[in-house]
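Subject: Structure handover

Hi,

Here is the structure I promised to pass on. Please open it beside this email and follow along.

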Amino acid sequence: MPQISDPVARDRGGSIVVVLAFAGIVVAVMQTLVVPLIPELPELLHASASDASWVITATLLAGAVATPVMGRLGDMYGKRRILLFSLGLLIIGSLICAFTTSLLPMVIGRAFQGGAMGVIPLGISIMRDELPKERMGSAMALMSSSLGIGGALGMPGAAAIAQHFDWHSLFLCSAGLGAAAAALIFFLVPESAVRTPARFDFPGAVGLSAGLVCLLLAVSKGGDWGWGSGTTLGLLGAAVLILLGWGTFELRTTAPLVDLRTTARPQVLLTNLASVLVGFALFAMSIVLPQLLQLPKATGYGLGQSMVAAGLCLAPAGLVMIVISPLSARISAARGPKTSLMLGVAVVAAGYAMGLFLMDTVWEVILVSAVIGTGIALAYAAMPALIMGAVPLSETAAANGLNTLMRSIGTSVSSAVVGVVLAHMTQPFGGVPLPTLNGFRVAFAIACGAGLAALLIAAFIPARHARPQVAASGPAPVSAPADQPA
């Protein structure tokens, strides 16, 4: 492993960090790409609002399935190789979306794009394998925060393109960014030497995928189908049964997709539970603040901003995340990642508490989003350090993939819960029901509660944990030649 005192190694390590963080931001931008188009999707795709929502749901489901699977494949066959494959899916999906005006191809393309969600955990794992210990903390913090950074910075750009150009340009830009990230990784990022030779757990992958699809379908579409409908309740029941059966199978197989014994360690389990709540809090801001900014001033509480202006108002949160991520790494180095996580979720809760009272002007909304962004950056940066302090080297990509999945589940639940709140707390305006100010405040109060619950969970995470040196189960990792081609 290169030493920090070597200038060549330092430059090489710096390029790895920049390239991988760029790839993470590209994936995050892909996620928020269609947000400015949501009100217009039914008309653009000649579909009902319920059917058009599959453009969002498809990406969510594909990302949930791909994240742990790609992580495990990366541990087994090479993280850089699977990283390039994931970006290839993003490019293919973007091109499909760029050349269609029909619902089905759009949903297929968005599902391909969702397959790229494994990029962030794979990037974190490459950093662990390739960077010296002195640089790893700040690098992983930036990579982990790239999901929030890309979402905040990509919003105004996507809004500007959607407002001034043909909407297909959004997906052409996504394909171009994906191709640029893939090229940079191909030429500048080496293949990791850490491998885990084993047979891929295909039954485990199918079982986890089926369970997640049932769970997330029920969560994301329950509002359309009815939370008490037979379809929603049936899917939730199926998810419980499938995931219980999957867990039993994983405990009995010799090379599981997810090592549940490792996952059950307090440091991993509690971090993943906190991740669900942090993901919930992150997405609540993304739902509430753009609507508040764009509602007409005639409502008495809307701020009357254009789509582009609303995106620009949220961009400072992304800039704050870039600045705060290295600070989180320094706090983790000095006090441990548990301290960073607790500080982060406390700041998130404080930001939402401020938002209960600071909604009257644009600058207040910008301040609230920046405070929440600060907390998200601190929390997101601490999570991979906590996870990798408790798992063996042979399982880093899979463990980080599971942690990323937990965040995604949190965002899905947030979308459903906040959506229900805003859909039921409305008032008529020009013949159209709009969320009330109290609806926004209830959503913020729920997100504040999620932050406080994450703080309580984080308080029970073991403060320090020695890094395991061997795999908990299955074959030991081997080293592949560092210059092995992708």
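Below is what I found, starting with confidence and then going through the parts in turn.

**Confidence**

This is a predicted model. The mean pLDDT of the protein chain is 79. A score of at least 70 is reached by 89% of the residues. Among the elements, helix α5 (residues 79-98) has the highest mean pLDDT, at 92. Strand β4 (residues 478-479) has the lowest, at 46. One is residues 1-9, which has 16 contacts in the model beyond near neighbours in sequence. The other is residues 465-486, with 55 such contacts.

**Overall make-up**

The protein chain has 18 helices and four strands. It holds 486 residues, and 57% of them are buried. Take the contacts between residues at least 6 apart in sequence: 81% of these join residues at least 24 apart.

**Helix α15**

The α14 pairing deserves a look. The axes of α14 and α15 come within 6 Å and cross at roughly 130°. On the α14 side, the contact is made by S328, I331, S332 and R335. On the α15 side, P337, T339, S340 and L343 take part.

A346 also sits in α15. Is A346 buried, partly exposed or exposed? Its relative accessibility is 31%, so it counts as partly exposed. The C-alpha atoms of A346 and L378 are separated by 9.9 Å. Along the chain, these two residues are 32 apart.

**S369 in helix α16**

S369 lies in helix α16, which runs over residues 362-388. Its relative accessible area is 1%. The cut-off for buried is under 20%, so S369 is buried. Which residues does S369 touch, leaving aside neighbours within four places in sequence? The contacts are M285, L289, C313, L314 and A317.

Strand β2 (residues 426-429) and strand β3 (residues 432-435) pair in the antiparallel sense. Four bridges join them. Q427 stands opposite L434 in β3. Two residues lie between the strands of this hairpin. There, G430 takes a positive phi near 60°.

**H46**

One more backbone point. Most residues other than glycine have a negative phi. H46 is not a glycine, yet its phi is positive, at about 55°. Where is H46 found? It is in the loop between α2 (41-44) and α3 (49-52). H46 has a relative accessible area of 68%. The cut-off for exposed is over 50%, so H46 is exposed.

**Where to look**

For a quick tour, begin with α14 and α15 where their axes cross at roughly 130°. Then go to S369 in α16. Finish with H46 in its loop between α2 and α3.

Best wishes

Notes
Residues are numbered from 1 along each chain as its sequence is written. This is a predicted model: local features need pLDDT of at least 70, side-chain atom pairs count only at pLDDT 80 or more; totals for chains, interfaces and linings use all residues. Side-chain values use heavy atoms; hydrogens and water are left out. pLDDT is the predictor's confidence in each residue, from 0 to 100. Contact means heavy atoms within 4.5 Å. Buried means under 20% relative accessible area, exposed over 50%, partly exposed in between (1.4 Å probe, protein chains only). Two strands pair if DSSP finds at least two bridges between them. Axes are lines fitted to C-alpha atoms, for helices over the stretch in contact, and angles run from 0 to 180 degrees between N-to-C directions.
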